Amino acid sequence: MKETILEMEKYAEEYNVPIIEKESIAFIMKYIKLHNVKRILEIGTAIGYSGILMASVAPDITLTTIERDEKRYLEALKNIKKCGLEKRIEVVFQDALEANLIGREYDLIFIDAAKGQYIKFFEKFSHYLSPNGTIISDNIKFHGLVGNTSEDITKNQRSIASKIEEYIEFLKNNKEYTTKLLDIGDGLSVSTRSENETR
Ligand SMILES: C[S@@+](CC[C@H](N)C(=O)[O-])C[C@H]1O[C@@H](n2cnc3c(N)ncnc32)[C@H](O)[C@@H]1O
């Protein structure tokens, strides 16, 4: 598996596929272990890098991951098979906002897809969260552009950064959840239901 992970890191660099920073996935893997997370939902598979690493924390973890880009979806399937994880990782080829997961429940939901849609992802998928579950979102700093008011950034970058700023406000104002913003990698938010604040 180690070799496949290294190959994936190379592939991501060569083909410009955004994958999670090492520090962030290390934090999430530790979190999974510490909180005995067993069922994971990931929004944004890319080539399967973070999904494979999350599922590899323990042999009884299952993971559903959603990807809308066909090339990446096929690449993820290939990588998951190479790691022998095809029985534990289900890859759904669909736009996450159209996915139907009725009847499912997850202990951890990892949001790592289109940055402009984080509020929609949170609102849709929080219904699938177990009572003690956690929602983690990546790229909360958006490469240092969140909170950056300089004029050097492009219109598109500013628009995405604004969406993430809106998401942060949404999380802060969401009384049902308590959110911690962590300065790890590109920034992670960790949201747990407010009655479980001891986490
Ligand atoms: C940052 S990458 C995911 C990286 C991956 N989690 C990792 O760290 O290895 C985001 C992925 O989300 C996918 N994506 C974006 N919006 C989506 C949506 N609405 N539904 C499904 N996939 C989406 C993109 O095609 C892209 O491959």
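Tutor: By class, ten nonpolar, three polar and six charged residues form the shell around the ligand. Here Ala, Val, Leu, Ile, Met, Phe, Trp, Tyr, Cys and Pro count as nonpolar, Asp, Glu, Lys and Arg as charged, and the others, Gly among them, as polar. This is a predicted model: local features need pLDDT of at least 70, side-chain atom pairs count only at pLDDT 80 or more, and totals for chains, interfaces and linings use all residues. Residues are numbered from 1 along each chain as its sequence is written.

Student: Which residues of α4 are buried?

Tutor: A residue is buried if 20 or more other C-beta atoms, placed from the backbone, lie within 10 Å of its own, and exposed if 12 or fewer do. Helices are DSSP runs (H or I, at least four residues), numbered from the N terminus. In α4, the buried residues are Tyr73, Glu75, Ala76, Asn79 and Ile80. Seen down the axis of α4, they fall within an arc of 165° (taken from the directions from the helix axis to the C-beta atoms), so they line one face of the helix.

Student: Why can residues separated in sequence point the same way?

Tutor: An α-helix has 3.6 residues a turn, so residues three or four places apart point the same way.

Student: Which exposed residues does the face of α4 turned away from its buried side carry?

Tutor: That face carries Glu70, Lys71 and Lys78. After α4 comes glycine 84, whose phi is positive, near 70°.

Student: Is asparagine 36 buried or exposed?

Tutor: Asparagine 36 is exposed, because 11 other C-beta atoms lie within 10 Å.

Key:
Helices (H or I, at least four residues) and strands (E, at least two) are DSSP runs, numbered from the N terminus.
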